[in-house]
Amino acid sequence: MIEISHLSKRFAQHTAVDNLSFRVQQGEVLGFLGPNGAGKSTTMKMLTGFLAPTSGTASILGFDIQTQTLQAQRQIGYLPEGAPCYGDMTVRGFLAFIAEVRGFRGAEKKERVSKAVALVELENVLEQSIETLSKGFKRRVGLAQAILHDPKVLILDEPTDGLDPNQKHQVRQLIQSLAKDKIVIISTHILEEVTAVCTRAVVIAGGRLVADSTPFELESRSRYHQAVTLVAEDALDVAALAELPGVAGIEENGIANSLTVLAKPGEVIFPQVNDLIRERGWKIKELDVERGRLDEVFRTLTRGEAA
Amino acid sequence: MKQLLVVFKRELASYFATPLAYVFIVIFLVLSGVFTFYLGGFYERGQADLSPFFNFHPWLYLFLVPAIAMRLWAEERKSGSIELLMTLPITRFEAVTGKFLAAWAFAGIALMLTFPMVITVNYLGEPDNGAILTAYIGSWLLAGSYLAIGSCMSALAKNQVIAFILAVSVCFLFIVSGFPLVLDAFNAWAPQWLLDAVSSLSFLIRFDAISKGVIDLRDLLYFVTLIAAWLAATAVVVDLKKAD
């Protein structure tokens, strides 16, 4: 378990993290969300023992990060933002160095390195120096380094930033396959990622916790939750739709004859809308029930705080 | 302690991964030859010793040693790999000392490659080889002191060029602290004990004794303490500056 209690970090001019508290249990994949400058990276730097908190503390599997830093760091695999590595080393040399620092020697060292290499598919660039690699490969070297000792805790700072869609998909699959018996914390500002891999989402803004919930629940906070979007061949009767029970409002979309019918919080409006369509005999080309728009929830949650 | 060795190995290998090591060694060997034979008048003196060789070391090191020290921490901070290094289960002591020892070992390798000097002087005459060995140890200790200063300056500056200039300046102060140039600034107001303290900090006086083959425990202690103090300072600076 990771326990963060009243964690704060103040720099000379501003407070980066302000009295943050939450717990993460084994098996959870926690998405750590927030606008740029919200304090995500600072929190991760404190969790990994790189920065000392101004006040409060955190513990990794029972090891306090301030008083038992080394024990805590042994439990963690960490991918810092931008995946910094030693550019002049070869991939093999670098991973061997990490394996040695993690205390592996001889045959076990080789085995650990080749296992990590296989997991992130680095076989073809093993003898290349890291600085000559593309961004995607560098990120994978960073990931290999983080998972090499099969840590119980994985802390990944923007693991898919700057990757192409295929690589993003690959990294997400990797995270999901690793997550079973681990604690994984991923910071990101890509919201699709949260729905794709996370079991829980923590949103911070201005260094403060503004939401802590499942991605599914967060989506249901959206005013588009349960909204029905229609695209018809002919004009739709706006007034009739608006009078249906449970309808909160109607928005017109950019395309002709397209409307989004919003539901009141907690209500389901699809059956009513569907009945009306059948009754009037509208020719509907597209019909879509939304789970909610995470980006809209994200904006509502963080706008006031970040300003 | 195991981790110290791992850091040491990686750091030493990284010197040889770039042309830096070879360029440094060639320049060091050429310059020390030039200094010994032309400026030092090795042949003209007609004496079988290596003092023309060692006498120039404090000045030769002044520019060459900061060049190997400047990358120690500045590069880690610039590339961000310091975040990786400091979140691995390594103590600060191991990181600072491992890096320093790698640089010092590298300086030692460069110094050992001057062995043709020893062969030459043994061919020409009958030198006191014990004194030569002592002088080598002294020269290596001197390089270590420069490196410890350079490592601290490298932790202080993110930019390697600035780290280099800072290191040269501080090393220069330590060389000239026994000279009127520095002492005159203190003469007018400082008490005698402070004046003595400042002048006793000078590399030159200490190194002079060792390079003549005289091992005084106090001189050894001086270099070792100096190295330890600057490494402790490095650890503090790394901690303060790592996140900038």
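This is a predicted model: local features need pLDDT of at least 70, side-chain atom pairs count only at pLDDT 80 or more; totals for chains, interfaces and linings use all residues.
Figure 1. The contact draws 23 residues from chain A and 26 residues from chain B.

Figure 2. Side chains of opposite charge can pair when their charged atoms come close. Two salt bridges are found across the interface of chain A and chain B. In one between A:Lys45 and B:Glu83, the closest N and O atoms are 3.9 Å apart. The two chains also have six residue pairs in polar contact. Which helix gives the largest share of the side of chain A that touches chain B? It is helix 3 of chain A, with five residues. That side of chain A is made up of 13 nonpolar, four polar and six charged residues.

**Figure 3. Inside the largest nonpolar core.** This core has 157 residues, and those with the most contacts inside it are A:Phe94 and B:Phe203. Helix 10 (residues 129-156) of chain B provides its largest share, 13 residues. Look around B:Phe203 and you will find the residues it touches, including B:Leu142, B:Tyr146, B:Phe174 and B:Leu226. A second, separate core has 16 residues, among them A:Leu230 and A:Val261.

**Figure 4. A salt bridge between distant parts of chain A.** A:Arg223 and A:Glu251 meet through their side chains in a salt bridge of 2.8 Å, N to O. A:Arg223 sits in the loop between helix 8 (215-220) and strand 11 (228-232) of chain A, while A:Glu251 belongs to strand 12, and the two are 28 residues apart.

**Figure 5. A buried pair in chain B.** The closest N and O atoms of B:Arg71 and B:Glu11 are 3.5 Å apart, forming a salt bridge. B:Arg71 lies in helix 6 and B:Glu11 in helix 1 of chain B, so this pair ties together parts that are 60 residues apart in sequence. B:Arg71 counts as buried because its relative accessibility is 8%, under the 20% cut-off. B:Glu11 is buried too, at 2%.

Terms used:
Residues are numbered from 1 along each chain as its sequence is written. Chains are lettered from A and ligands numbered from 1 in the order in which they are written. Side-chain values use heavy atoms; hydrogens and water are left out. A nonpolar core is a set of buried Ala, Val, Leu, Ile, Met, Phe, Trp, Tyr and Cys residues joined through side-chain atoms within 4.5 Å. Buried means under 20% relative accessible area, exposed over 50%, partly exposed in between (1.4 Å probe, protein chains only). Helices (H or I, at least four residues) and strands (E, at least two) are DSSP runs, numbered from the N terminus. Contact means heavy atoms within 4.5 Å. A salt bridge is a side-chain nitrogen of Lys or Arg within 4 Å of a carboxyl oxygen of Asp or Glu. A polar contact is a pair of N or O atoms within 3.5 Å; within protein, one must be able to donate a hydrogen and the other to accept it, and residues adjacent in sequence count only if both atoms are side-chain atoms. Ala, Val, Leu, Ile, Met, Phe, Trp, Tyr, Cys and Pro count as nonpolar, Asp, Glu, Lys and Arg as charged, and the others, Gly among them, as polar. Lists of a residue's contacts leave out its neighbours within four places in sequence.
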